[in-house]
Amino acid sequence: MTVRRTTNQGLSFLDVTTPLCTASLCLQGAHLTSWKPAGHEECLFLSPNAAFVPGKAIRGGIPVCWPWFGPREGAPSHGIARTSEWRLHHQEMDKCGNVLLSLAFYPEDESYPAAILRLTLGRTLAMRLETTARTQPCKLTEAFHNYFAVGNLTKCRVHGLEDIPFREEAAQPMKHGERPLTPLGCLDRVYNFPSCSGKTMLEDLMLNRAITVERNHASSVIVWNPGQQGAKNMADLGAESWNKFLCIETGNAEPRSISLAPGQTHTLYQKISVRHMEEACSPR
């Protein structure tokens, strides 16, 4: 069942409740704020200080960074999609009980590309972002900015990044455990893969679960946490939340931009699954 609700602040949400999962999605930004598959705890972190107001990005969940990732002078960070209203294009339930949602975003400025986001919500979560250049060529960077809830950041391990070159964006880089990556605080890394497909796995020792992110048409994996001081400096986050999440993002970040001619389409894809630790295997 999918129910539409509107908050007192004017934001519209779609709330999904099925035997396979519960989920919530905000039409501003096509922003998934909750996904809880049956038999598991909430997989997405949502800041207790998040602001739910029109025109402001929500801290947590899965923001859609589009049609650029990162800062841009004179323009909003991470693009225009995450603070814009998307239109619900289609919804249905498939024969397996998954809820299928399609949302569309056509910016008024036709020099921007158009986007369609397709979600499959069930025991697994699949997201497909289709970008089509319209009147102008497009140089696209993008990301699914996944905030994963964890028991304690320092008790987590990330597999699938070994031997992959990365660019460190943290202002004050610190040492972390490696092979597998074991975050100990602030980090902001862009890993550039030779292949545009693969898997990354987050092992959470405190919550006894493993979250696997399978990607396609994506050559970048961004791993981010602001650390305690960085979180303290963010009004919509707060120091007490810094070790409760880790962002493992699927995308195409500079220098791995996608060039589209008018009429051309590119599709970014990810599939997220979760298992209890005793059931999980490291990605190969």
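How many bridges join strand S6 to strand S7? Six of them do, linking S6 (residues 87–93) with S7 (residues 99–105), and the two run antiparallel. Strands here are DSSP runs of E with at least two residues, numbered from the N terminus, and two strands pair if DSSP finds at least two bridges between them.

Before we go on, a word on what you're looking at. This is a predicted model, where local features need pLDDT of at least 70, side-chain atom pairs count only at pLDDT 80 or more, and totals for chains, interfaces and linings use all residues. Residues are numbered from 1 along each chain as its sequence is written, and side-chain values use heavy atoms, with hydrogens and water left out.

Back to our two strands. Find Leu-88 and look across to S7: its bridge partner there is Leu-103. S6 and S7 make a hairpin with five residues between them, and Gly-97 in the turn has a positive phi of about 95 degrees.

Now zoom out. Eight strands form an open sheet in the order S6-S7-S8-S9-S21-S17-S16-S13, with antiparallel pairing. S6 and S13 (156–159) are the edge strands, each pairing on one side only. From one strand to the next the twist averages 15 degrees (axes are lines fitted to C-alpha atoms, and angles run from 0 to 180 degrees between N-to-C directions). Strands of a sheet pair through backbone hydrogen bonds. Within this sheet, S16 (residues 197–204) and S17 (residues 209–216) pair over eight bridges in the antiparallel sense, and Leu-202 stands opposite Ile-211 in S17.

Next, pick out Thr-131 in strand S9 (residues 125–132). Is Thr-131 buried or exposed? Thr-131 counts as buried because its relative accessibility is 0%; buried means under 20% relative accessible area, exposed over 50%, and partly exposed in between, using a 1.4 Å probe and protein chains only. The side chain of Thr-131 makes a polar contact with the side chain of Trp-66, at 2.7 Å. That term covers a pair of N or O atoms within 3.5 Å; within protein, one must be able to donate a hydrogen and the other to accept it, and residues adjacent in sequence count only if both atoms are side-chain atoms.

Let's turn to the rings. Rings of Phe, Tyr and Trp (its six-membered ring) pair if their centres lie within 6.5 Å; planes under 30 degrees apart count as stacked, over 60 as edge-to-face and the rest as tilted. By this rule there are nine aromatic pairs. Ring pairs link Phe-45, Tyr-147, Trp-224 and Phe-245 into a cluster.

Finally, visit the loop between S14 (166–168) and S15 (187–192), where you'll find Pro-180. The peptide bond from Arg-179 to Pro-180 is cis, with omega near 0 degrees. Arg-179 has a positive phi, near 55 degrees, though it isn't a glycine. Arg-179 counts as exposed because its relative accessibility is 58%.

How values were computed: Helix = DSSP H or I, 4+ residues; strand = E, 2+ residues; numbered from the N terminus.
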